Amino acid sequence: MTSNSRVVVLGAGLAGVRLARRLGELGLPALLVGEEEHRPYNRVLLAEVLAGRYAPEVIALPAPDGLVRARATGIHRDRRTVALADGAEIAYDTLVLATGSNPVLPPLRGLFTPDHVLPEGVHAFRTMDDCLGLSKAVRPGVRAVVIGGGLLGVSAARALALRGAQVVLAQQGERLMERQLDPAASRLVRRHLVDLGVEIHTECRVRDVRCVGGAVRSVEMADGYALDADLVVLACGVSPRAGLAKAAGLAVHKGVLVDDELRTSDPHIRAIGDCAQHDGTVYGLAAPALEQADALAESLAGNAGARYTGTRSLTRLTLAGHSPFDLAAFGETEPRPGDDVVQLADATRGTYRKVVVRDDRLVGGVLVGELGTVGALARAWEGAEPLPDNGPLLHLLTNDGGS
Ligand SMILES: Cc1cc2nc3c(=O)[nH]c(=O)nc-3n(C[C@H](O)[C@H](O)[C@H](O)COP(=O)(O)OP(=O)(O)OC[C@H]3O[C@@H](n4cnc5c(N)ncnc54)[C@H](O)[C@@H]3O)c2cc1C
């Protein structure tokens, strides 16, 4: 890549902004195109804005100069241009897709009005606009139903409860955050939410959204039970935003397929972040998005050895406020037969620590409420090094390794 090659980055989220900034530092300024009207921001902290803990400007990202606010509507690979919604076209030598994810909208009856918009009071939770819309609607006593009990639903339910809403969380699975947490940790998250006044229904499928005059009034469960609702938050997961890539004929499976140089099936187009699928994995998490951006910046700046080989990232959730609650989870939190498990639980303090060890390697763990050892554990897990054989495994949970 020569320094006069034009790099165009589509999407001014975590990955796109990081890439543009790194390229600027490496002397290869890029053109960043983003559709959101707000200053680029850190999506991970949206729940803190909803909870009223941070003002929106606190979570702004240091964006590079010259951000183009526009929505890209098509890629002309033959003439290497990107079409924008206002009819303009931008030429590129290298195009980077950093378009993130879309919220998954569950197949509920009544979810869309006849003109295909969400009814008043029903919100996804993905963008600053979603967050500000919810923030405007939430008042003490408002009845809110959060659909989905993953990381997103838990964060939304907690934020709304802190704002004084009467929150019901409806989770289809048997426990909260089941992708990341084992049953014991999940119970502690549940207890934390219940202490904040959130009513939780698990193994419960929402079937219907009932509206009057275009505004939501209630949601109905598969068993016919109805919950009154002034606000409904859809937190049912995300899917990679790969429509532009697909329409341009790039190879797309769940996300846009990329190799270790983050290259798509077109050598002039790369993809990073939530929209990309590397080695079979769509991460949908912040740490991999940032690592991919850093690796791609090196690669575009001419470092021939720069590769992205995957991220072993831990999920960390900090629920701050008057009753702070921290958790971290990584790898496999449920043991297989023959694995060693070390566990420390303190029901009174609401803390829980557990690691799973296979042969002589740490394969996963979960920490709730007491994260002193997280740095040392994450390093042992990321490095996949054999564990030292001098001392009991319990040491893993009590030695913070200076972190
Ligand atoms: C409420 C919430 C909490 C989260 N909490 C955590 C957490 O605790 N830990 C964690 O690891 N991850 C968390 N995540 C996930 C994390 O935010 C994402 O993994 C991360 O933002 C991915 O970065 P990205 O740049 O790929 O996508 P995004 O940050 O989504 O940015 C993509 C940008 O591209 C823009 N765009 C898309 N298409 C176009 C187009 N055609 N033209 C112009 N612009 C376009 C979008 O508008 C968007 O601004 C959370 C997400 C949410 C919503």
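The model is predicted, and what I say is computed from it. I will start with the layout.

I will take the pair formed by domains 1 and 2. In terms of contact, 14 residues on the domain 1 side meet 15 residues of domain 2. The two domains bury about 1400 Å² between them, and 68% of that is on carbon and sulfur atoms. Which residues of domain 1 supply the area? His38, Leu46 and Leu50 account for 42% of what domain 1 buries against domain 2, more than any other three residues.

Now the polar side of that interface. Between domain 1 and domain 2 there are five residue pairs in polar contact, with both residues at pLDDT 80 or more. The salt bridge count between these two domains is one.

Next, helix α7. This helix covers residues 286-300, so to speak of its length: 15 residues, and 21 Å from the first C-alpha to the last, close to the 21 Å expected at 1.5 Å a residue. Which of its residues are buried? They are Pro288, Ala289, Gln292, Ala293, Ala295, Leu296, Ala297, Ser299 and Leu300. As background, an α-helix has 3.6 residues a turn, so residues three or four places apart point the same way. The cover over the buried residues of α7 includes helix α1 (14-25) and the strands β1 (7-10), β7 (94-97), β19 (269-271) and β20 (276-278). Just after the helix, Gly302 has a positive phi of about 100 degrees.

Asp294 and Glu298 belong to a network of salt bridges that also links Arg18, Arg21, Arg22 and Glu25.

That brings me to salt bridges in general. Over the whole structure, the search finds 27 of them. One is between the side chains of Arg143 and Asp230, at 3.0 Å from N to O. Arg143 is in strand β10 (residues 143-147) and Asp230 is in the loop between β15 (226-228) and β16 (231-234), so this pair ties together parts 87 residues apart in sequence. Are these two buried or exposed? Arg143 is partly exposed, at 32% relative accessibility, and Asp230 is partly exposed with a relative accessible area of 32%.

Asp346 makes a salt bridge with Arg349, with 3.8 Å between the closest N and O atoms. Glu370 forms a salt bridge with Arg349 as well, at 3.7 Å between the closest N and O atoms. Glu370 sits in the loop between β25 (361-368) and α8 (374-383), and Arg349 in the loop between β23 (340-346) and β24 (351-358), so the pair ties together parts that are 21 residues apart in sequence. As for accessibility, Arg349 counts as exposed at 55%. Asp346 is partly exposed at 26%, and Glu370 is partly exposed at 25%.

That is the end of the talk.

How values were computed: Residues numbered from 1 in each chain as written. Predicted model: local features only at pLDDT ≥ 70, side-chain atom pairs only at ≥ 80, totals over all residues. Heavy atoms only, no water. Helix = DSSP H or I, 4+ residues; strand = E, 2+ residues; numbered from the N terminus. Expected span 1.5 Å × (residues − 1). Buried < 20%, exposed > 50% of the residue type's maximum accessible area, 1.4 Å probe, protein only. Contact = heavy atoms within 4.5 Å. Buried area = accessible area lost by both parts, 1.4 Å probe. Salt bridge = Lys/Arg side-chain N within 4 Å of Asp/Glu carboxyl O. Polar contact = N/O pair within 3.5 Å; in protein donor to acceptor, adjacent residues only side chain to side chain.
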